[in-house]
Amino acid sequence: MNIRYLAFLFLLLNMTYLLTGCWDRVEVNNLAIITAAALDKKDDKTIELSIQIFVPETSGKEKQNVATMGNENTQSPTLVESAEGVNFADAMLKLQGKISRKIFWGQNEVFIFGEQLAKKGILNELNGILRAVQPRERANLFISKGQAKEILKLNPVIDRNSAESIHKLVHAHTGLEESIIDTLQMMNGESKAVALPWIEILTPQDGRSSNVRMPYIHGTAVLKTDKLLGKLNAEATKGVLMIKNQAASGTITVKPKPEKGYLSAEFVKDKIKLIPQITKNHLSMKLQVQTEAIVTQNSTHLDVMNSHDLAKIEKELAKGITLQIRKALDQGQKKWKADIFGLADTFYRKYPREWKKYKKNWDSLYPNLKIDIQTKFRILRPGMTTENPKI
Amino acid sequence: MGFLKNWLSSKKRTKQLNEIAAQQNLTATLEENRSFLATIFKGCSDVVFHDFTIFGQISAVLIYIEGLVDKEKLDQNVLTPLLNKTGEPFSINTVSGVIPVSNIKELNYIEEIIDEISNGHPILLLDHQKKGISLGLTQLEHRAIEEPPAESVIRGPREGFTELLTINTSLLRRRIKSPQLKVKNIVVGRYTRTKIGVYYIEGIAEKSLIKEVMRRLDKIYMDGILGSGYIEELIEDQSNSLFPQILSTERPDVVVSYLLEGHVTILCDGNPVALVVPITLFSFLQSSEDYAQKFMIGSLIRWLRYISVAIVLLLPSTYVALLTYHQEMIPTSLLLTIAKSREQIPFPALFEALLMEITFEALREAGVRLPQQLGTAISIVGALVIGQAATAAGLVSSPMVMVVAITGVASFLLPHYPIGITLRILRFPIMFLAGMLGLLGIILGIIAIVIHLCSLRSFGVPYLTPIVPMVKQDLKDVLYRSPIWARNKRPHSTSKQNPIRQSPGQKPEAENEEELHSD
């Protein structure tokens, strides 16, 4: 009796998903695994969605090709396919119609917006990406120079596909790292501006294999609300990285005044504190930078092991850091007038009540905001040698 | 109810024959007794009735079963003095006085006599005597004491139980030289009359536990007990459970360690496997080897086993679930590699996993049953089927081969066969759940197993003690293997009444270091 009852219950439970056909089982063989996606402006009304699909079949053959034909003619292990649509969702649907396998967004960690589309605004498409179930909201967002689709078509030699190259570049922290969810938070936050990594195509210098081009992150795209304004160069990007506390590693090179040579130091620890201040209706900002570094090259006559010289070196390096940050701030404040550093949010967090007053005027306040940079630089180690090699 | 009635009446019916015999006293005439026993043992050609005359005065008969009796000693120690001596006044005491045999018993009832004969004791019946004499001159053929192949250790005693209960008892007695080690014997099996020994240490084992064990054993009434497996199935708490609730071992040292913690051990004549009750799940994941190594090593190996339990139970199903439902959870580069290797595979992941797992289980079972010479052949075939050929034929992807191989290795890590087979079987329903519901199914399966484990008891002790219910003091033998000097108390679940095992503060210290180095 009891066993029968249990068996019946078991059958009933099984039916709930077997009979309704709600069996979500998908084999990997039936998946088109997307490694990267790109969105471009097609014309005024439509966009073009391109995806880079991993092709498992060719990878096996590729091995043989490499063995027999050499490096020159390797087949791409990825396939780039694109479809037009009025928006992301529409294009996605059309794209599925073109591909035999089920498009799988779960592994996609790279979304690239083309320059033209970014100028028009990216928020509408982000909406579609965020709403869809599969795409990751932690996927990284990029703006590309020219057509984003071109980046997907690249076939870097050292990595499996261009998506992997981009992903690795992000982790090298040479550029910003912004996920979809971060970007939306910045856009919805008080600053209404966002900085995204800027991707360009790198052509190898040897010229021999001009078809082997690689994507690389070179600078920062500045977006106000959701529209692309312009671009910061690589030098200013360093400062942006520091202000956003994303500079995991980096090197600073300075030329101490009376000396002839240069001195470089690599950061070990780099921390920045944004301290907003409102005094007598006056908004100001204090940036406290704390950097610890290792000396990596020293062609000056200053001795790192000498405490007198060391103080001087540290002072010079701190000056260098301050200068670097100032450059980035100037670009954001003066040139593009976009609060890509999220300064408005720090004010809002510290002075939630007072902020309401300044919120409306932030656009006019921001470019003239007085920002004080205090840098503390500390040399931790002199590197592997203490003395300069002499001839 | 009908079945119960039948059972009761059948008990009665068989009782009748025994009862007649039991009530029957020996009579004073030898001829009568002899013929009665002869009718009982009619058709048993191995039972020998040896007629002779004692002291030249009185007729007697020696009854024994050939092959169970030490004939040489019987001739030397019984027949020789009885036949040679003459002229002495006759009585039963003088007879037993001249026989140089230590184990002599006087018997009154026919049933006792039958039992003694069946157990291999020669019986001496005398004319004009209402008593028979049982002579302890049994000689049973038996296997030598060997290392149990299923529970071998690197460092530890190499002795294992044998099929003879008396030898097994002596193995235990040799390790516990205390009169507190008690042995209770009962005989079960209508035809087999198998002797069962129940061992415990008085003062450590709880009286209620011993009583419960005896009650369950007394309830057994059947034709024959062919092994401890029969007993296990007849006395365990939840016969419908996949999980073993009684520990079986062939190692006397393991049994002794349990006896010292207040457990009760049941040994059965004709079987080298001892049963230990009560037991918890964690006992199945411990090996006597843990205590031969240093405690850190023992603890690490114990954790390795816990991990292997998770692997045996969940690895194939997790692989199936991830591959069919949660592709986004696999690291990108790993998924791409898997996708590449799976490209040519015609089967869904669930079927692939089932195919491989069943093949592996079949090979393993075949290897266990086959003679050793064929075993190597099986392993070669197995290596081909599971490894190279399956992938080369495009039936199975190589990651799946890895998964099956890791699962297989993990299952070899479990020190007790019964728990291993339980987990190996449970793996399959979880694989189905994973194939149908993904990770959700796996979680459902785990929940069901945990609920079941929580409901299990072994002779009154919850199966998951000391985790559920939590007994902090006993965690020292579950989360890690505590050092010998730190195990001051016995386990709470089995020896509440006598908890102190040793005096504290026995951690070795180099107190006399100076003295040691003085010369």
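This note goes through a predicted model point by point, from its domains to its backbone details.

1. On conventions, the model is predicted, with local features needing pLDDT of at least 70 and side-chain atom pairs counting only at pLDDT 80 or more, while totals for chains, interfaces and linings use all residues. Residues are numbered from 1 along each chain as its sequence is written, chains are lettered from A and ligands numbered from 1 in the order in which they are written, and side-chain values use heavy atoms, with hydrogens and water left out.

2. Chain B is assigned domain 1 (18–135), domain 2 (149–279) and domain 3 (291–462), the bounds coming from an automatic or database domain assignment. Taken over C-alpha atoms, the centres of domain 1 and domain 3 of chain B are 62 Å apart.

3. The second largest pocket holds about 880 Å³ of space. A pocket here is an open set of points on a 1 Å grid over the protein atoms alone, where a 1.4 Å probe fits, with protein on both sides within 12 Å along at least five of seven lines, and lining residues have an atom within 4 Å of a point. The volume is the space filled by probe spheres set on the points, which are joined across faces, edges and corners.

4. Which residues lie nearest the centre of this second largest pocket? They are Phe10(A), Leu433(B), Leu444(B), Gly445(B) and Ala448(B), out of 23 lining residues. Helix H1 (2–18) of chain A and helices H15 (417–437) and H16 (439–455) of chain B each supply at least two lining residues, and H15(B) gives the most, with 7. Helices (H or I, at least four residues) and strands (E, at least two) are DSSP runs, numbered from the N terminus. The lining has 16 nonpolar residues, 7 polar and no charged.

5. Over all chains, 47 salt bridges are found, each being a side-chain nitrogen of Lys or Arg within 4 Å of a carboxyl oxygen of Asp or Glu. One of them joins Glu115(A) to Lys119(A), with the closest N and O atoms 3.9 Å apart; both residues lie in helix H4 (residues 115–120) of chain A, 4 residues apart, about one turn of the helix.

6. Most residues other than glycine have a negative phi, and most peptide bonds are trans. Thr225(A), however, has a positive phi near 45 degrees, and lies in the loop between strands E8 (214–224) and E9 (227–232) of chain A. In chain B, the bond from Val277(B) to Pro278(B) is cis, with omega near -15 degrees, and a cis bond also joins Val468(B) and Pro469(B), with omega about -5 degrees.

Note on methods: Nonpolar A, V, L, I, M, F, W, Y, C, P; charged D, E, K, R; others polar.
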